Amino acid sequence: MSTVALDVAAVRARFSALRTPTALFDGPGGTQVPDEVIDAISTYLRESNANVSGPYESSRRTEALVEEARATAGRFLGCSPDEVAFGANMSTLNFALTRTAGRKWRAGDEILVTKLDHDANVSPWLELAHDRDLVVRFVDINDDTTLDLDDLERQLSDRTRVVAFPLASNAVGTKTDAKRIVELARAAGALSWADAVHYGPHGPIDAAELGVDVLICSPYKFFGPHLGLAYGRRELLESWRPYKVRPAANEPLGHRFETGTLPHELLAGFVAAVGYIESIGWDAIQAHERELGERFLAGLPESCTLYGLPTMDGRVATFAFNVDGHGARETATKLGDRGFAVWQGNYYAMEVMQRLGLPEGAVRAGIVHYNTADEVDRLLAELETL
Ligand SMILES: Cc1ncc(COP(=O)(O)O)c(C=O)c1O
């Protein structure tokens, strides 16, 4: 157990958006941004707004900002600055990159996705498979919502081109053994393709350490603006033929996979968001989330059924549950009316909900480091009354 304490009041003072009576358990749909992120966005627009490559000062400042954003992304993801590409969001990047990866694949080639995945790491493969006659296979989960690695091994073959998987489920919060998945994929000669969107606000990512080939996340899930961010291993990016306009530069490497003008103001916000996280530190963030997660799990009323791991081991503090006798929508709406922002449904994690036999989905309460013990206690007390 980490001894680093998080001063949650000091954290919250940095977010104007948290000056609300509503308890925001909707981080999995997108977190709030600290004021320093908002300031960075507006400062860029006030002082440096320009396109790149112009022979004048604001354009040069914009180029410096793009370079800083790449360096920041490299630091955040544990990779080189030229191995990153920015895009509109994870889904858009994933449709583009899957299509790029598959340009030379042949009919009958296989792709493994998992039943823990958000559909943004499933449908791009299904569409590619549709167009190029590929086969998509689904790796099952165990009843406790952990990924069934035996099933993954069984389904790997010399036809497998890629294993796509999440670092953590945006529905039930389960983490995956990414290193093991990467090893298994590599041993089979397949690429490993990680969706880090849900894990993003919960812990450090080190692409080099994981050995993963592609990893995509969304800064708006980790205290930044609405933006997507991808990592691709250098040799892989070098081997791909990008979909790009001819005059656009081929360097830095990741830029080949970015189409058109980047949202410069959001890159400024992204740099500030990573600076914000670094100013707090993952140890403090993780210790606080774990404490609140344990508090939630210990206090969940008998009337609630939790889907997923019953302790904080092997999961992040994202909880899917239903209340006896109440539909997920009804529960979430009641909670919304009473000052709690929670989600309901399948949150685009269709497969896991189907696997759990939940056609109507479940209520989802997501905890991030700016949540408080008082908010958790109030939510638990409210659930008792339903
Ligand atoms: C695990 C996961 N993957 C992918 C996505 C899609 O991300 P984006 O909205 O950036 O396309 C989400 C969004 O909720 C998500 O939770």
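Predicted model: local features only at pLDDT ≥ 70, side-chain atom pairs only at ≥ 80, totals over all residues.

Colleague: Why is H3 called oblique to H10?

Modeller: Helix H3 (residues 57–77) and helix H10 (residues 264–280) pack at an angle of about 40°. Angles under 35 degrees count as roughly parallel and 65 to 115 as roughly perpendicular, with the rest between these as oblique. The value of about 40° therefore makes H3 oblique to H10. The axes of H3 and H10 lie 9 Å apart, and H3 passes H10 in a left-handed crossing.

Colleague: Which residues make the contact of H3 with H10?

Modeller: On H3 they are Thr62, Leu65, Val66, Glu68, Ala69, Thr72 and Phe76. On H10 they are His264, Leu267, Ala268, Phe270, Val271 and Val274. By class, this contact of H3 with H10 holds 9 nonpolar, 3 polar and 1 charged residues.

Colleague: What makes H2 and H10 roughly antiparallel?

Modeller: The angle between H2 and H10 is about 150°, and the term applies to angles over 145 degrees. H2 and H10 are therefore roughly antiparallel to each other. Their axes are 8 Å apart, and the crossing of H2 and H10 is right-handed. From H2, the contact involves Glu36, Val37, Ala40, Ile41, Tyr44 and Leu45. Residues of H10 in this contact include His264, Glu265, Leu266 and Tyr276. The contact of H2 with H10 comprises 11 nonpolar, 2 polar and 2 charged residues.

Colleague: Why are H11 and H14 described as roughly parallel?

Modeller: H11 and helix H14 (residues 373–385) pack at an angle of about 20°. Roughly parallel is the term for angles under 35 degrees, so H11 is roughly parallel to H14. Their axes are 10 Å apart, and H11 passes H14 in a right-handed crossing. Leu292, Arg295, Phe296 and Gly299 of H11 meet Ala373, Val376 and Leu380 of H14. This contact of H11 with H14 has 5 nonpolar, 1 polar and 1 charged residues.

Colleague: How is the chain divided into domains?

Modeller: Domain 1 covers 8–25 + 281–385, and domain 2 covers 39–277. The C-alpha centres of domain 1 and domain 2 lie 27 Å apart.

Colleague: How do you know that domain 1 and domain 2 are in contact, and how many residues are involved?

Modeller: Two residues are in contact if their C-beta atoms, placed from the backbone, lie within 7 Å. By that criterion, 24 residues of domain 1 are in contact with 24 residues of domain 2. Helix H11 (282–299), strand S10 (318–323) and helix H13 (350–355) each supply at least two residues of the side of domain 1 that touches domain 2. H13 gives the most to that side, with 5 residues. The side of domain 1 that touches domain 2 divides into 14 nonpolar, 5 polar and 5 charged residues.

Colleague: Which backbone values deserve mention, at Ser53 and at the peptide bond from Glu251 to Pro252?

Modeller: The peptide bond from Glu251 to Pro252 is cis, with omega near -5°. Pro252 sits in the loop between helix H9 (234–239) and H10. Ser53 has phi near 75°, a positive value in a residue other than glycine. Ser53 belongs to the loop between helix H2 (35–47) and H3.

Colleague: What places a residue in the shell around the ligand, and which residues surround the ligand?

Modeller: The cut-off is a C-beta atom, placed from the backbone, within 6 Å of the molecule. The ligand is surrounded by Asn89, Met90, Ser91, His118, Ala120, Pro166, Asn170, Asp195, Val197, His198, Ser218 and Gly228. This shell around the ligand contains 4 nonpolar, 7 polar and 1 charged residues.

Terms used:
Residues numbered from 1 in each chain as written. Nonpolar A, V, L, I, M, F, W, Y, C, P; charged D, E, K, R; others polar. Domains from an automatic or database assignment. Helix = DSSP H or I, 4+ residues; strand = E, 2+ residues; numbered from the N terminus. Axes fitted to C-alpha atoms, helices over the stretch in contact; angles between N-to-C directions. Left-handed = near helix turned anticlockwise from the far one by under 90°.
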